[in-house]
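Good morning, and thank you for the time on the agenda. I would ask everyone to look at the sequence and the model together while I go through the strands, the helix packing and the cores.

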Amino acid sequence: MSRIGKNPIAVPGNVEVSINGSDVKVKGPKGELHHVIAAPITAKVEDGQILVERPNDERDSRALHGLTRTLIANMIIGVTEGYKKQLEITGTGYRVVAKGKGIELSLGFSHTVPVEAPEGIEFSVESQTLFTVSGIDKQLVGETAARIRKLKKPEPYKGKGIHYVGETIRRKVGKAGK
C-alpha cells in the first residue's frame, strides 16, 4: 500500500469539501479549487477526514493513489494558507516595478519585459530586486514563477539573472589571465 496514499487528509473547520463521483471541490477562506480524480481512484469524506482509496495493486493504481492524495492535500493547504515563491533579480540595472496587476522587468534588454498575472495569481514587489508570486493553486504559482525565471536565467559566471530566494547557483571560474 502507498505510504502517502493511505494517510487520511485532515479537513480544517473553515474548509468545505464536496466529492461528487470523481469531482472534488474544496472551498476555504482564500478561495475555491476543483480537481477531477483519475479513473480507478476513489475518495470519500468520513469524520472530518478525506480517505483516498484504490481498488487494486496494479502499477497505475499505486502511482495514482499517492498522487491523488497529495493533490487534494495541496488544495486544502492552498485555500487555507496559500502558496508563494520569492524571486530575486541580480545584475547591474536589473529591477522589477509593479504595473497594475502585473509587473515590469528591466533585465538588460533594449526594452522592459511586462508580465501579466494569470487568473488567481498575485505579484507583490518588496524591493527593486525582490518580488513574490502568490496564489492558492500550487501548480499555477510554481509554473508562473518558472516562466518568469525563464526570461533571464542566472548565468554561471557572474550569477546575473532571475533566481529563487535561497537557490544556489553553480558558479564557474572565468578565464585565467597570464
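How many bridges join strand β7 to β13? Four bridges do, between antiparallel strands, with β7 covering residues 83-90.

What you see is a predicted model: local features need pLDDT of at least 70, side-chain atom pairs count only at pLDDT 80 or more, and totals for chains, interfaces and linings use all residues. Residues are numbered from 1 along each chain as its sequence is written, and side-chain values use heavy atoms, with hydrogens and water left out.

The protein chain has two helices and 13 strands. These are DSSP runs numbered from the N terminus, helices being H or I of at least four residues and strands E of at least two. With a radius of gyration of 21 Å, well over the 16 Å that the globule rule gives for 178 residues, the protein chain is more spread out than a compact globule. That radius is taken over C-alpha atoms, and the rule is 2.2 Å times the number of residues to the power 0.38. Along the principal axes, the C-alpha atoms fill a box of roughly 70 × 40 × 25 Å.

Let me return to the sheet that holds β7. Its four strands form an open sheet in the order β11-β12-β7-β13, with antiparallel pairing; two strands pair if DSSP finds at least two bridges between them. At the edges are β11 (121-125) and β13 (161-164), each pairing on one side only. From one strand to the next, the twist averages 25°.

Across β7, β11, β12 (130-135) and β13 lies helix α2, residues 138-151, at about 10° to β7. Axes here are lines fitted to C-alpha atoms, for helices over the stretch in contact (heavy atoms within 4.5 Å). Angles run from 0 to 180 degrees between N-to-C directions.

Which residues have the most contacts inside the largest nonpolar core? They are I89, I103, L105, F131, V133 and I148, in a core of 18 residues. Such a core is a set of buried Ala, Val, Leu, Ile, Met, Phe, Trp, Tyr and Cys residues joined through side-chain atoms within 4.5 Å. Buried means under 20% relative accessible area, with a 1.4 Å probe and protein chains only. At least two core residues come from each of β7, β9 (102-106), β10 (113-115), β11, β12 and α2. Leaving aside residues up to four places away in sequence, V133 touches several residues, including Y83, L87, I121, F123, V141 and I148. A second, separate core has 17 residues, among them I41, V52, I72 and I136.

Three bridges join β9 to β10, and I103 stands opposite V115 in β10.

Finally, the hairpin of β2 and β3. Five bridges join β2 (residues 16-20) to the antiparallel β3 (residues 23-28), and I19 has V24 as its bridge partner. Two residues lie between the strands, and G21 takes a positive phi near 70°.

How values were computed. Buried < 20%, exposed > 50% of the residue type's maximum accessible area, 1.4 Å probe, protein only.
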